[in-house]
Amino acid sequence: MELVSDPKVKQTALSAIGNTPLVKLNKVTKELDANVFMKLEYFNPTGSYKDRMALAMIEEAEKEGYLKEGDTVLEYTGGSTGSSLAFVCAVKGYKLKIVTSDAFSDEKIDTMRAFGAELTIIPSPGGKTTPDTIPNMMKLAEKMSKEPHTYWTNQFHNKHMLKGYNGLGKEILDQLNAQVDAFVASFGTAGCSMGVAEVLKARNKNTAIVLIEPEESPIVSKGIAGTHDIEGIGVGFVPPLLNRELYDEIQTVSTEEAIDMTRKLARKEGIFTGTSSGANVVASLRVARKLGAGKNLVTVAVDSGLKYLSTEVYH
Ligand SMILES: Cc1ncc(COP(=O)(O)O)c(C=O)c1O
């Protein structure tokens, strides 16, 4: 038997991206009539939904001829996108340069290194995300992008990633027989929320899309950029991919509420994830309360709790 032609065998680790489980929350939703489901994106190979966008950004660039064998890929990242890009580049044989900051967890930095990425780490005061953290990383990446044979994925401006997240939206529709009344997601680049919203709104324009930003840094809803500790969201500026026609409402969640819910998810639901996912559930419970009996709300467990073991959340 030729094992590699067996349809049950994946040809590379890249084929392990996607088709993640959708799980109903039962304990934190006590007293709610609506159903709240969480898409467990930590089942992706690097433990994060960013694997979907990294693969889309690289493969679309290959198709369009921006990225060729022997080139170096470059990105500035809090570490989730970087880990996913490092994974995809390892399988495809591209060199990867990453600009990041000590505002993000050691686990993410170590993961990027484990996949062979070359890192430049910019210090951020107190190890938190300040309004300058991402813009400083961006400026350095822009400078480095001028080096020859370099392809800068430039995630905040990269529309290819929406295609990666369209797949997540299609899986949700399939898993709930297209009965989705609301989708709730926090945003950084807004790639996930917009990519999923494109698919859900095209199927049913009445599906409510509710976005979340940190209460300490409500740049889109209140025009205020501040310091917070929900990794991956609240980047201090309005992300260019955010499309006003694709969402209905923005809610805010504090770092404290997000951390508290992240711990509850692990202890009560067995869902071991990070703070942005905790924020997703805090807002989901508020939205679900208004939806009523039998309605379906979907939110996302963005990534694995293993990425946050050294942080305040699990100490
Ligand atoms: C942990 C985490 N949560 C949420 C997000 C937000 O996702 P998106 O950039 O698709 O809006 C990110 C993005 O970096 C992230 O790393």
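Predicted model: local features only at pLDDT ≥ 70, side-chain atom pairs only at ≥ 80, totals over all residues.
Local features need pLDDT of at least 70, side-chain atom pairs count only at pLDDT 80 or more, and totals for chains, interfaces and linings use all residues. Residues are numbered from 1 along each chain as its sequence is written, and side-chain values use heavy atoms, with hydrogens and water left out.

The protein chain is divided into domain 1 (3-45 + 166-314) and domain 2 (50-157). These bounds come from an automatic or database domain assignment. The C-alpha centres of domain 1 and domain 2 lie 22 Å apart. Across the boundary, 35 residues of domain 1 are in contact with 25 residues of domain 2. Contact means heavy atoms within 4.5 Å.

Strands (E, at least two residues) and helices (H or I, at least four) are DSSP runs, numbered from the N terminus. Two strands pair if DSSP finds at least two bridges between them. Angles run from 0 to 180 degrees between N-to-C directions, and axes are lines fitted to C-alpha atoms, for helices over the stretch in contact. Strand E7 (residues 182-186) and strand E8 (residues 208-214) run parallel and are joined by 5 bridges. Val-184 stands opposite Val-210 in E8.

A second open sheet has 4 strands in the order E5-E4-E3-E6, with parallel pairing. Strand E5 (118-122) and strand E6 (150-152) stand at its edges, each with a single partner strand, so one side of each lacks a neighbour in the sheet. Neighbouring strands are turned by 20° against each other on average, direction ignored. Strand E3 (residues 72-76) pairs with E6 in the parallel sense over 3 bridges. Here Val-73 stands opposite Tyr-151 in E6. Helix H2 (residues 80-92) packs on the sheet, touching E3 and strand E4 (95-101). The direction of H2 makes about 170° with that of E4. Helix H4 (residues 133-144) lies across E3, E4, E5 and E6. H4 runs at about 150° to E4.

A cavity is a set of points where a 1.4 Å probe fits but cannot get out. A pocket is an open set with protein on both sides within 12 Å along at least five of seven lines. Lining residues have an atom within 4 Å of a point. Grid points are joined across faces, edges and corners, and a volume is the space filled by probe spheres set on the points.

The count comes to 1 cavity of 30 Å³ or more. The largest cavity has a volume of about 370 Å³. Of the 31 residues that line it, the closest to its centre are Lys-50, Gly-188, Glu-231, Gly-232 and Ile-233. H2, H4 and helix H6 (191-203) each supply at least two lining residues. The largest share, 3 residues, comes from H6. By class, the cavity lining has 13 nonpolar, 14 polar and 4 charged residues. Ala, Val, Leu, Ile, Met, Phe, Trp, Tyr, Cys and Pro count as nonpolar, Asp, Glu, Lys and Arg as charged, and the others, Gly among them, as polar. Domain 1 and domain 2 both give residues to the lining of the largest cavity, so the cavity lies between them.

The largest pocket holds about 220 Å³ of space. It is lined by 13 residues, and Arg-52, Leu-55, Ala-56, Glu-59 and Gly-164 are the closest to its centre. Helix H1 (50-64) and helix H5 (160-175) are the elements that give two or more residues to this lining. H1 provides the largest share, 6 residues. The pocket lining divides into 3 nonpolar, 4 polar and 6 charged residues. Domain 1 and domain 2 each contribute at least three residues to the lining of the largest pocket.
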